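Here is a short briefing to read alongside the model. Please keep the 3D view open as you go.

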Amino acid sequence: SIMSAQERQQAQPPVPASSEAAELDAANGYEAVVPHWFYCKVTDSRERWIPFSTQDSERLEEAHGSGRDKEDLVVPTSGGRYDVHLKKRQRVAVYWEEEVSEVRRCTWFYKGDKDNKYIPYSETFSEELEEAYMIAVTLDEWKKKLESPSREIIILHNPKLMVHYHPVATSDDWGSTPTEQGRPRTVKRGVENIAAEIPNGEPLQIDHLVFVVHGIGPACDIRFRSIIQCVNDFRNVSLSMLQAHFKKAQEQQQIGRVEFLPVNWHSSLHSTGVDVDLERITLPSINRLRHFINDTILDVFFYNSSTYCQTIVDTVASEMNRLYQLFLQRNPLFKGGVSIAGHSLGSLILFDLLTNQKAAPEEDEHSKEGSRTTSSNRGIEEVKEILKKLELSEYCEVFEKEKMDRQALFLCTEKNLKEMGIPLGPRMKILHYISSKMEMQVCFLHGLCSSRNCQYRDIGLGQVSANYPQLNYKPTIFFAFGSPIGMFLTVRGVKRINPNYSLPTCKGFFNIFHPFDPVAYRIEPMIVPDLEFEPMLLPHHKGRKRMHLELKEGLTRMSVDLKNNLLGSLRVAWQSFPRAPLPAVEAASTDAEAEAETGVEKQPDAKPDETPAAVKEEASLINVGRLNGGNRIDYVLQEKPIESFNEYLFALQGHLCYWESEDTVLLVLKEIYQTQGITLDQPLPGSQ
């Protein structure tokens, strides 16, 4: 062990063989190796050892050094998303299901055969190597041979050259022993010598929590990765965007970071036994394609079935509520807000959930608390007015005696009116009035209307019949990525959304899409159908338009200038021609001149490309209702230069690009921090 090695060092002071060796000892005095903690990630039966961040490694080392790792000490790592059980040397996911990873305190490494990545030796063998190294340095005795637990030879030639040899043969009937013959592997001491990519730590303070719901199928991107891996990417991009665009706020310790947690519903749906039922009826031909369809595209049909829709909405709501409670338990000082984001079908699930949330009644009660008696009197007077309008004034006393105000009247059933002694005819009149008014009230509050003469239809129209659960919090903002919400509403029969409609418990809504995303649809034209206007162009995170878009704009502008110059030249040429003084020709010429002049003078102003700032300002000022608190809803990403060559080729990638899109992440961060009064270091051009 290291302790016995240190004792040996004290017992055997270095004895230099010559003055040269003495100098070497003085220069290369032994210093204990600095350990770094790693965890093992197994993908497709291949092991990869990944270092913890410096912060996490120091915390683990501190806990290990406290001598308490005999107990089952738990150390939170990776921003609190994983716990390390120190005694078991295990890394366990906190918020989702994941294979437990082995954890190791690493000091010595060897280069692997397959991918040239360095692999750490076991902790016990690393201690043996360290002990041998310390003796070699102290006594300046090199060429040390050690045998590893798997009977392989490690030779410490000098501090810079240490080699691990595969044995040519193990002990067998011929009695051969392991030798240093065979392909050598490089051995390194200390993490600083293996060029490991040690991740940056995350700020401890969490300002806001975002739940992210996936779309169809178990895979979320072009590389067939899970929602957990994709959200990890999104979170990593957010950390780099915070450093790049919120530096001032970070330096002043105004902000920490935003936490993104994945919400998985696919596995719950497919664990209902439906896959077995589908397997029975699936044809045997083109097996892989059919399996892919069963696993992915059928999720859309499942969501449109009342049985499975209930499973999906229950899973999404209960999972978000569970994660929220668990997050609060682990972060008791958290005072931030919660937002939700959905990709593809996930955004539709969230939209349907949000349209069926009930606004807290205490909000209304709060403002009315002081004037309860006056409001009840006013309510009785309102009932009298209604009865007068229906020519049923003779029943006013009956309603007054029963203390019927407007709210109570609207809760009345035919049975109640019968018990009050109201005859059949007046009963029918009152019930018809209640039903018509309720319909109008619903239309105003929810953008819903099923009457033929109303231009707005129920935003919940055509929704699958399900009991939509309630969330334990009010989301600050709802972000939809590559969302088919607009298409589903249209197919369900909703042609227009009432401009006065807003989600009951969520005041912010952003619909973000790539221009080539085949699944994405706009929302704003459903609110303002009579006006044609472009979605808001998401500013590039580096503060300018992508070069090819600027080039396209420049070419458009150039063609306008050429056209104007040509018209100008024609006008000059026309004026220089000798013309007969015929009235008809004279009139024609003046018209032509006027047209040419207007073409020259007014054309540039009429073109939006000439005044992009004014157009942008005008675009952002378009009134698109209350769905996003009066702000714009639709935001389009800028395509990359390579994508603009072939829209069809990059269509699928366009639907799966959001997880690593800096522009998307920056909009999310900008809108979240804006609710806390924190802005970007420098506003991006073209941003709202």
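Residues are numbered from 1 along each chain as its sequence is written, and side-chain values use heavy atoms, with hydrogens and water left out.

**Overall picture**
- The protein chain has 25 helices and 19 strands (DSSP runs numbered from the N terminus: helices are H or I with at least four residues, strands are E with at least two).
- Of its 688 residues, 44% count as buried (under 20% relative accessible area; exposed is over 50%, partly exposed in between, with a 1.4 Å probe and protein chains only).
- Among contacts (heavy atoms within 4.5 Å) with a separation of 6 or more, 69% are between residues 24 or more positions apart.

**Confidence**
- The mean pLDDT (the predictor's confidence in each residue, from 0 to 100) is 78, and 72% of the residues reach 70 or more.
- Residues 362-373 stay under 50 in pLDDT, and the model has two contacts for them beyond four places in sequence.
- Residues 441-453 also stay under 50, with 31 contacts beyond four places in sequence.
- Where pLDDT is low, the predicted coordinates should not be read in detail.

**A hairpin to look at**
- Strand 1 (residues 36-43) and strand 2 (residues 46-51) run antiparallel and are joined by six bridges (two strands pair if DSSP finds at least two bridges between them).
- Lys-41 has Arg-48 in strand 2 as its bridge partner.
- Two residues lie between the strands of this hairpin, where Asp-44 takes a positive phi near 50°.

**A covered helix**
- In helix 12 (residues 345-355), eleven of the eleven residues are buried, including Phe-351, Asp-352 and Thr-355.

**A nonpolar surface patch**
- Phe-224, Ile-286, Leu-289, Phe-292, Ile-293, Ile-297 and Phe-301 make a nonpolar surface patch of about 710 Å².
- Patches are made of residues with over 30% relative accessible area and no salt bridge, joining like charges within 9 Å and nonpolar side chains (Val, Leu, Ile, Met, Phe, Trp, Tyr) within 5 Å; a salt bridge is a side-chain nitrogen of Lys or Arg within 4 Å of a carboxyl oxygen of Asp or Glu.
- Helix 9 (residues 287-295) gives the most to this patch, with three residues.
- Ile-293 sits in helix 9 and is partly exposed, at 31% relative accessible area.

Methods:
This is a predicted model: local features need pLDDT of at least 70, side-chain atom pairs count only at pLDDT 80 or more; totals for chains, interfaces and linings use all residues. Accessible areas come from the Shrake-Rupley method with a 1.4 Å probe; for residues, only the protein chains shown count as cover.
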